[in-house]
Amino acid sequence: MIEKMKFLSITGPKADIDRMTETYLSRYEIHLENALAELTEDANLSPFLEINPYREALTSISSFYEQLEDPESITPQKMDTETAVSVVRRIQRESRELEEAREKLHEQHAEMIDSLKIIRPFRNLEYDVSEILKLQYIHYRFGRIEKQYFKKFEKYIYDTLDTIFLKCSEDEQYYYGVYFVPKHQAHKVHAVYSSMHFEQIFVPDCYQGTAKEAFSILDKLHKDIHAGLEQNKKDAERFLTDNRTAIVSAKAALEACSSSFDIRRLAACTKGENNTFYILCGWMTEKDALAFQEDIKDDDKIFCLMEEEQSPAKKTPPTKLHNLKLFRPFEMYIKMYGLPAYNEMDPTWFVALTYSFIFGAMFGDVGQGLLLFFGGLILYKTKHMDLAGIISCAGIFSTFFGFMYGSIFGFEEVLHAFWLKPMTAMMDVPLVGRLNAVFVIAIGFGMFLILTCMVFNIINSVRNHNTEKTWFDSNAVAGLIFYGSIALSAVLLVSGKKLPAAAVLAVMFGIPLLLMFLKEPLTNLVEKKKQIFPEQKGMFFVQSFFELFEVLLSYLSNTLSFLRIGAFAVSHAAMMEVVLMLAGATEGGSPNWIIVVLGNLFVCAMEGLIVGIQVLRLEYYEIFSRFYAGNGREFLPFKKRECQ
Amino acid sequence: MGNLLSYSGISAKIRAMQSKLTTEKQLLEILQLSDVPQVIAYLKRTPEYAEVWKDLDENALHRGQIEKLLKTSIFHNFSRIYQFANKEQRKFLELYSKRYEIRVLKEIMTDLFDHRDTDPVDITPYCEFFRKHSRLDLDKLTACTTMEELIAALKGHEFYQPLSQIRNHENALLFDYGMALDLYYFSQIWNVRKKLFSGNDLKEITTAYGEKFDMLNLQFIFRSKKYFHMAPADIYALLIPMNYKLKKEEINALVESTTYDQARALFRRTYYGRKYEHLEAHNLEEFYNVMLRDTLEKEARRDPYSVAVLYSYLYHKEHEVYRLTIALECVRYGVDPQEALQYIRNN
């Protein structure tokens with residue numbers, strides 16, 4: 001069922017819009033349209049422009065919200081707008097303080113890290129660095145030298161040169177140290193060192209005490225800064241966790257305010273300095289609309305105009321599905337395909353019935369059906385999964401067909417089959433030979449479904465005043481007669497009755513085919529258009545011929561497609577037979593129960609999945625494609641009705 | 001006794017292979033020939049190259065291509081020995097094969113420094129060998145266009161460290177990089193020899209490489225004295241940091257000596273000066289080869305069941321190729337056979 005819609009135009013003084021939204025729109029679901037776009041004929045309207053005062057606070061709180069771990073797990077508390085804004089201000093201020101402290105630490109770190117890096121290799125030097133730097137008659141150089149060169153230097157040169165090299169530290173490649181040389185020798189000795197690839201490191205005069213002391217002071221400072229940063233990080237984290245409820249609540253409150261405020265985007269304003277009015281347009285269900293009108297009768301600041309659905313001809317009303325509680329899970333499949341248009345038939349009940357029925361026929365097993373039913377039901381009730389609801393419904397029919405086939409958990413002998421055994425029941429068909437009865441029944445059922453769909457299509461098309469689709473299309477009256485004739489002939493053939501005379505058959509098949517062939521000119525003729533045949537007649541005939549060919553082919557393939565119902569009924573029984581064989585139940589004696597249970601679970605899961613998909617395929621391809629367009633708009637209420 | 005068993009097979013094989021090497025008599029015959037295709041035809045008749053070269057057309061080959069083929073034969077023979085060797089012997093061969101890696105790297109680096117874009121390094125002689133015996137990815141290395149790229153491409157390889165160290169020096173030249181590789185390789189040999197080898201093998205390797213390093217150091221010292229007049233400290237920086245028979249004091253004195261003549265007098269008093277009478281400071285370069293061959297042959301003869309046999313053969317094979325290359329050049333440019341033989345003997 002598709003809910004009846006009413007088009008409402010609500011108007012009132014400009015300043016009153018927030019109160020109106022607050023009081024009424026939270027109680028009545030309304031699908032708003034852009035008022036300016038709807039009321040184009042009235043030029044005296046302007047957009048309702050006002051800056052959203054909550055935007056900034058909302059952006060800021062959202063950034064904090066994103067830093068929270070798992071924010072969805074926290075339930076927001078109710079908070080009014082003023083509190084929310086003040087919470088945002090407080091959080092911003094406190095986090096800025098943390099931020100500033102961190103930046104300060106970073107600055108300090110950057111300042112000291114260079115001097116620390118320089119002094120680190122020389123930290124074992126037990127002399128006052130600044131004194132060394134002030135030496136007058138002795139030259140010195142801090143630096144490093146590659147190990148292999150240092151070895152040569154030590155071996156061949158060091159003893160003969162007037163220099164002292166103090167090794168301070170080493171890493172994998174280098175020795176770090178400082179050498180001293182008397183002033184008058186400096187030139188020569190520097191040359192020797194540079195031949196040995198000594199690399200000078202410039203040491204600034206910024207250290208206190210010996211290198212060792214200077215290093216330990218700086219190192220401590222460095223560690224302190226890192227500890228400070230670590231502490232700052234922890235503080236920031238704790239700050240977030242301490243305030244997480246506040247953040248979540250404030251965000252929720254502000255979001256609500258902001259989105260209510262955003263109603264202005266869809267509103268229009270009358271022009272003028274004073275006494276301006278807002279106008280809102282939108283759709284409400286008939287029931288809501290009447291209740292709303294009743295409600296605002298005493299409110300002298302709100303005026304509401306209710307129109308019939310057709311009057312704003314440009315836009316079709318949005319679709320809101322309303323179905324029996326039992327069928328509601330199946331709305332999922334409809335939404336996956338596309339919602340029905342407002343004036344289209346809602347196929348939910350049809351899908352619900354056929355889907356469950358076909359699923360049951362393909363998966364007939366009392367035990368597994370009951371498992372699906374209870375499993376689905378529990379999941380549907382606890383987790384509100386639509387798919388679980390569908391499985392549960394399908395499980396009922398599964399159980400039903402289980403009794404029909406006499407099958408429980410794969411044991412075919414325990415129950416008596418009320419109807420037939422898919423594996424063994426056979427049937428003679430003329431022209432084809434001996435077949436499983438279920439195959440023939442499946443095809444017959446498919447033909448029945450196809451015919452039903454054609455009827456639906458005709459009804460839909462009549463409602464839409466679509467001549468071609470009512471009379472001449474492959475799913476229209478012409479198609480119905482043609483396919484019906486085939487079905488009738490098939491039934492007569494199988495039941496062994498005589499076919500009608502050839503002349504009658506020719507009429508039954510020939511005329512609908514001719515109609516389908518000439519559907520375009522015929523439509524033009526009925527609709528009294530000037531040009532009946534298209535200009536290029538040759539092209540038209542070729543195209544129509546191939547289209548007709550394709551139509552016939554698709555009748556055949558669509559019909560055969562329903563074979564899968566029978567095939568899966570047989571395959572289910574066959575798979576369970578394999579399971580029982582593996583469990584050793586076929587040879588008599590007690591079967592291996594573990595294998596029986598595991599096998600049942602496996603088949604139940606796999607077959608359930610495959611059958612579920614196959615039936616969905618039947619629904620979408622063979623059934624929906626005949627009568628259903630699915631190009632409706634969803635009814636999106638501006639505000640969800642608050643749950644009482 | 002253990003050595004006798006483990007080396008009996010390989011030493012027989014090497015003796016067989018050695019007998020195929022081109023002799024001095026054959027070289028003399030080659031020098032009499034009038035052009036390059038004739039030399040190739042001649043070589044195709046020798047047992048060393050007959051099998052491998054039988055499908056080649058001597059008239060279509062350029063001298064450069066022949067040189068590559070000769071090079072390939074070195075690697076080919078190395079692989080044959082490697083296949084035959086046991087685990088212990090392979091350790092030596094693996095250590096030895098690094099010299100081939102260094103050789104290729106040097107070729108590539110020469111190219112990089114000279115910007116010889118027109119004639120990229122031809123790696124075909126090495127390809128096969130490197131796939132089997134090396135972790136170097138030649139295709140990747142030859143694709144490099146700067147030293148930076150080359151060093152980056154070597155990341156993870158043992159040569160990365162010495163080369164990247166050189167990169168830190170100011171205006172490092174091709175020579176510095178090549179030197180770094182050599183020094184790295186030599187110190188590796190010297191440092192791991194005691195771990196890898198024992199007994200006779202250790203002794204042979206110590207002698208062979210010890211003398212080689214000493215001779216190289218002597219060459220360095222005299223070259224820098226004679227031609228480059230380098231400061232002592234710069235000379236020290238280039239020396240291989242190992243001493244065998246040269247004492248530290250002797251090296252010190254040689255490097256610090258102010259004149260070339262003084263250095264020559266000092267040299268006479270060293271182990272090598274005393275051992276080889278003909279060895280003079282001025283013919284060190286030529287004598288280096290003679291001496292090395294001499295030492296290796298002597299060792300191989302004295303200890304036919306030791307690693308010296310392997311070393312000696314590989315040396316001879318490389319030497320053969322080198323001599324053949326010279327012979328080819330002489331034939332190509334019509335050098336008088338007697339004069340040509342002189343060049344060959346000197347090497």
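A polar contact, as I use it here, is a pair of N or O atoms within 3.5 Å; within protein, one must be able to donate a hydrogen and the other to accept it, and residues adjacent in sequence count only if both atoms are side-chain atoms. With that in hand, I looked up the pairs across the two chains: 5 residue pairs are in polar contact between chain B and chain A, both residues at pLDDT 80 or more.

**Ground rules**

I'm working on a predicted model, where local features need pLDDT of at least 70, side-chain atom pairs count only at pLDDT 80 or more, and totals for chains, interfaces and linings use all residues. Residues are numbered from 1 along each chain as its sequence is written, chains are lettered from A and ligands numbered from 1 in the order in which they are written, and side-chain values use heavy atoms, with hydrogens and water left out.

**Where chain B meets chain A**

I looked up salt bridges between chain B and chain A (a side-chain nitrogen of Lys or Arg within 4 Å of a carboxyl oxygen of Asp or Glu), and the count is 0. Three elements of chain B give two or more residues to the side that touches chain A: α10 (160–168), α13 (232–238) and α14 (248–256). Helices here (H or I, at least four residues) are DSSP runs, numbered from the N terminus. The largest share of that side, 5 residues, comes from α13(B). I sorted the side of chain B by class and got 8 nonpolar, 6 polar and 2 charged residues. For those classes, Ala, Val, Leu, Ile, Met, Phe, Trp, Tyr, Cys and Pro count as nonpolar, Asp, Glu, Lys and Arg as charged, and the others, Gly among them, as polar.

Next came contacts (heavy atoms within 4.5 Å): 16 residues of chain B are in contact with 15 residues of chain A. The buried area (the accessible area, with a 1.4 Å probe, that two parts lose on being put together, summed over both) is about 1,500 Å² between these chains, and carbon and sulfur atoms give 51% of it. On the chain B side, B:Q165, B:H169 and B:Y236 lose the most area to chain A, together 32% of what that side buries.

**Cores**

A nonpolar core is a set of buried Ala, Val, Leu, Ile, Met, Phe, Trp, Tyr and Cys residues joined through side-chain atoms within 4.5 Å. Buried means under 20% relative accessible area, exposed over 50%, and partly exposed in between (1.4 Å probe, protein chains only).

Which residues touch the most other members of the largest core? I found A:I157, B:I81, B:F92, B:L93, B:L141, B:Y209 and B:L218, out of 132 residues. Helix α18 (residues 307–332) of chain B gives this core its largest share, 14 residues. Apart from it lies another core, of 56 residues, with A:F327, A:M345, A:A394 and A:Y555 among them.

I then picked out B:Y209: leaving aside neighbours within four places in sequence, B:Y209 is in contact with B:F92, B:Y96, B:Y185, B:I189, B:W190 and B:Y311.

A:S115 sits in helix α4 (residues 81–119). Is A:S115 buried or exposed? Buried, at a relative accessible area of 14%. A polar atom of the A:S115 side chain lies 3.0 Å from the backbone oxygen of A:M112. Not counting residues up to four places away in sequence, A:S115 touches A:C206, A:Y207 and A:L218.

A:A352 is in helix α12 (residues 348–362) and is buried, at 3%. With residues up to four places away left out, A:A352 touches A:F327 and A:F330. I also checked A:Y628: it is 276 residues from A:A352 in sequence and 15 Å from it in space, C-alpha to C-alpha.

**Salt bridges**

Side chains of opposite charge can pair when their charged atoms come close.

In helix α18 of chain B, B:E320 and B:K317 are 3 residues apart, about one turn of the helix, and their closest N and O atoms are 2.9 Å apart in a salt bridge. B:E320 is buried at 5%, and B:K317 is buried at 0%.

B:D294 and B:K298 also pair up, at 3.8 Å, N to O. Both lie in helix α17 (residues 284–302) of chain B, 4 residues apart. B:D294 is partly exposed at 31%, and so is B:K298 at 39%.

In chain A, A:K421 bridges to A:E412 at 3.4 Å between the closest N and O atoms, and A:K421 is partly exposed at 22%. Last entry: A:D16, A:R19 and A:D299 are linked in a network of salt bridges.
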